[in-house]
Structure formats: C-alpha cells, structure tokens
Amino acid sequence: MSGIRVDVNQALRQLTQVEQRTLSACVTYGQAAANKMVKTAKQTRPWTDHTHLAKNSLNGGASKAGAGRVRIELAHGIHYGVYLELKRFRHKGNLAIVFPTVKKMAPEIIQGWGNVIRRGGA
C-alpha cells in the first residue's frame, strides 16, 4: 500500500499566510469604514457649528485588538464632546452623533467585513 503523502507543515504555513493576509485586509477595510463613519458623522451632525471645533475633531480609526480581532473607533476629539453625546447632560443626548452613526452603519460594515473574510484577504 503506497498511501497518500501530505505535507502538513506546508498546509499549516499556507493557512497561516491566509490568516495573516485576511487580518491585514480586515484592518485596511476597518480603516476605510472608520473614515466613512467620520465623514457621515460630520455631514449629519445634529448641532449647529459655531467654531467648527466639534465637527473637525470627530475622528476614527482601526487597529488590531488582539489575536484575530480588529477594532473600529469613532470618537470626539474635543473635551466637550461628551456633553454632546450623553443623556445626563444639558442637551439630553439630542446632539449625539457617535452612537447613532455607529448604529446606522454597523450592518453595512459587518457585511463588508464578511466579504473580506470570505475572500481570505485577497
């Protein structure tokens, strides 16, 4: 019986390469998604600009967040951003833009991430 020979080490190397390529592609996609969220938040903010500081300080990004995990962020970069967002302050959350933007765009982002993962980062 001659049997079948399989080089397990070669298969593991290829799987590792696919995993690394996919994770890298997910970070790249996450950065594009974060940029899109920032743009959307700036365009749909519910407050009237006086100094443009709050709008211009909206920022986002993506990074690796542990083994096989990617994190996308959208945040205010101005000290009074918390007063615009949270219900317990003067505006009662009526000027919030971070969570509403994330909630609105999350399904689209998750679907796009699924596409990246299905392609194996290619």
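Which residue just after helix 4 takes a positive phi? Glycine 120 does, with a phi of about 70°. The close-ups below visit this helix and other parts of the model. The model is predicted, with local features needing pLDDT of at least 70, side-chain atom pairs counting only at pLDDT 80 or more, and totals for chains, interfaces and linings using all residues. Residues are numbered from 1 along each chain as its sequence is written, and side-chain values use heavy atoms, leaving out hydrogens and water.

View 1. Helices are DSSP runs of H or I with at least four residues, strands are runs of E with at least two, and both are numbered from the N terminus. Helix 4 covers residues 98-118, 21 residues in all. Look for alanine 106, where helix 4 has a kink of about 45°, shortly before proline 107. The bend at a residue is the angle between axes fitted to the seven residues ending there and the seven starting there.

**View 2. The buried residues of helix 4.** Buried means under 20% relative accessible area, exposed over 50%, and partly exposed in between, using a 1.4 Å probe and protein chains only. Among the buried residues of helix 4 are Val98, Thr101, Met105 and Ile109. Their cover includes helix 1 (8-44), strand 2 (70-75) and helix 3 (81-85).

View 3. Rings of Phe, Tyr and Trp (its six-membered ring) pair if their centres lie within 6.5 Å; planes under 30 degrees apart count as stacked, over 60 as edge-to-face and the rest as tilted. The count by this rule is 1 aromatic pair. Tyrosine 29 and tryptophan 113 have ring centres 6.2 Å apart and planes at 50°, so the pair is tilted. Because tyrosine 29 lies in helix 1 and tryptophan 113 in helix 4, the pair ties together parts that are 84 residues apart in sequence. Tyrosine 29 is partly exposed at 21% relative accessible area, while tryptophan 113 is buried at 17%.

**View 4. The largest nonpolar core.** A nonpolar core is a set of buried Ala, Val, Leu, Ile, Met, Phe, Trp, Tyr and Cys residues joined through side-chain atoms within 4.5 Å. The largest one has 19 residues, of which Trp47, Leu58, Leu74, Ile97 and Ile109 touch the most other members. Helix 1 and helix 4 are the elements that give two or more residues to this core, and helix 1 gives the largest share, 6 residues. Leaving aside residues up to four places away in sequence, the contacts (heavy atoms within 4.5 Å) of tryptophan 47 include Leu58, His76, Leu84 and Ile97.

**View 5. Salt bridges.** A salt bridge is a side-chain nitrogen of Lys or Arg within 4 Å of a carboxyl oxygen of Asp or Glu. The count by this rule is 4 salt bridges. Arg45, Asp49 and Lys55 are linked in a network: the closest N and O atoms are 2.8 Å apart between aspartate 49 and arginine 45, and 3.9 Å apart between aspartate 49 and lysine 55. Aspartate 49 is buried at 16% relative accessibility, whereas arginine 45 is partly exposed at 23%. Arginine 71 also forms a salt bridge with glutamate 73, with closest N and O atoms 2.7 Å apart.

Definitions and conventions. The expected span of a helix is 1.5 Å times one less than its number of residues.
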